[in-house]
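Hi everyone, thanks for making time this morning. Let me put the structure up on the screen, and then I'll walk you through it.

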Amino acid sequence: WQFAEQNTQRAHHSAIKCFYKYILRQPNKFKYIEYAKRNRKLPIVLSVEEMQRIIFSCENLKHKTILCLMYSTGIRVGEVINLRICDVDSSRMVINILDAKGGKDRQVTLDPTLLELLRIYFKQYKPKEFLFNGQFELYYSTRSIAQFLQKYASLAGIKKRIYPHLIRHCNATHLLEAGTDMSIIQRLLGHQSIKTTQGYSHISNNLISKVRTPLQGILNTNFNLPTQARLSA
């Protein structure tokens with residue numbers, strides 16, 4: 001256990017604590033044992049251009065629709081497969097996310113471009129009950145989404161680690177870089193605390209790239225290199 005990731009240790013801690021509290025009726029057993037510190041690794045997000053390359057590499061209409069939905073709305077992969085046809089409200093241009101993480105409902109924006117793509121997809125696939133049906137089930141598979149996402153990222157020449165939740169990170173980061181208010185992003189993503197949403201400010205390229213580094217005040221454009229060094233370069 002000591003070699004497990006911090007977040008895994010925290011999950012194990014919670015499970016054991018609940019076991020003692022509710023099964024053995026010893027609620028104070030783990031009272032003074034501290035949780036491992038949370039591992040806060042920053043995700044390596046894709047640029048807008050990289051997302052465009054992945055989307056353009058999709059030839060399968062269902063795959064492209066799912067990918068565009070995830071990128072446009074930032075909804076979780078579990079929320080994608082649980083979307084019902086009736087959750088798409090084109091009259092108000094919103095998508096209703098019901099019974100999401102924490103048992104909360106929320107709404108996300110239905111982009112006009114996404115709506116048009118959804119209509120094309122609906123006419124071709126004619127889904128039943130759920131917006132995205134599997135090959136043999138009413139539900140689409142989260143594993144299938146992960147597989148086709150990695151496939152198209154490879155076709156697009158993306159070398160970064162690709163996984164479905166990364167698309168949610170890309171949505172939030174790109175909204176922030178486009179000037180969207182942090183509180184609106186929090187509401188769209190369904191974060192309980194604004195602190196969670198504020199984490200995206202640490203990976204926003206617009207914020208980081210505008211920093212003037214100390215090196216800029218020391219070296220000029222020709223780096224004061226000797227003549228021979230500039231010629232050999």
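First, the ground rules. This is a predicted model, where local features need pLDDT of at least 70 and side-chain atom pairs count only at pLDDT 80 or more, while totals for chains, interfaces and linings use all residues. Residues are numbered from 1 along each chain as its sequence is written, and side-chain values use heavy atoms, leaving out hydrogens and water.

The protein chain has 11 helices and 3 strands; these are DSSP runs numbered from the N terminus, with helices being H or I of at least four residues and strands E of at least two. Reading from the N terminus, the order is α-α-α-α-β-β-β-α-α-α-α-α-α-α. Of the 233 residues, 35% are buried. Buried here means under 20% relative accessible area, exposed means over 50%, and partly exposed is in between, with a 1.4 Å probe and protein chains only.

Now look at helix H2, residues 48-57, where Glu-50, Met-51, Ile-54, Ile-55 and Ser-57 are buried. Down the axis of H2 these fall within an arc of 165°, so they line one face of the helix; the arc is that of the directions from the helix axis to the C-beta atoms. Their cover includes helices H3 (61-73), H6 (142-155) and H7 (164-177).

On to charges: we have 5 salt bridges, each a side-chain nitrogen of Lys or Arg within 4 Å of a carboxyl oxygen of Asp or Glu.

Glu-50 counts as buried at 13% relative accessibility, whereas Lys-160 is partly exposed at 29%.

Arg-84 forms a salt bridge with Glu-129, the closest N and O atoms being 2.3 Å apart. Finally, Arg-76, Glu-79 and Arg-106 form a salt-bridge network.

And how many disulfides does the structure hold? There are 0, taking a disulfide as a pair of cysteine sulfur atoms within 2.5 Å. Cys-18 is partly exposed at 40% relative accessible area, while Cys-170 is buried at 0%.

Notes
Contact = heavy atoms within 4.5 Å.
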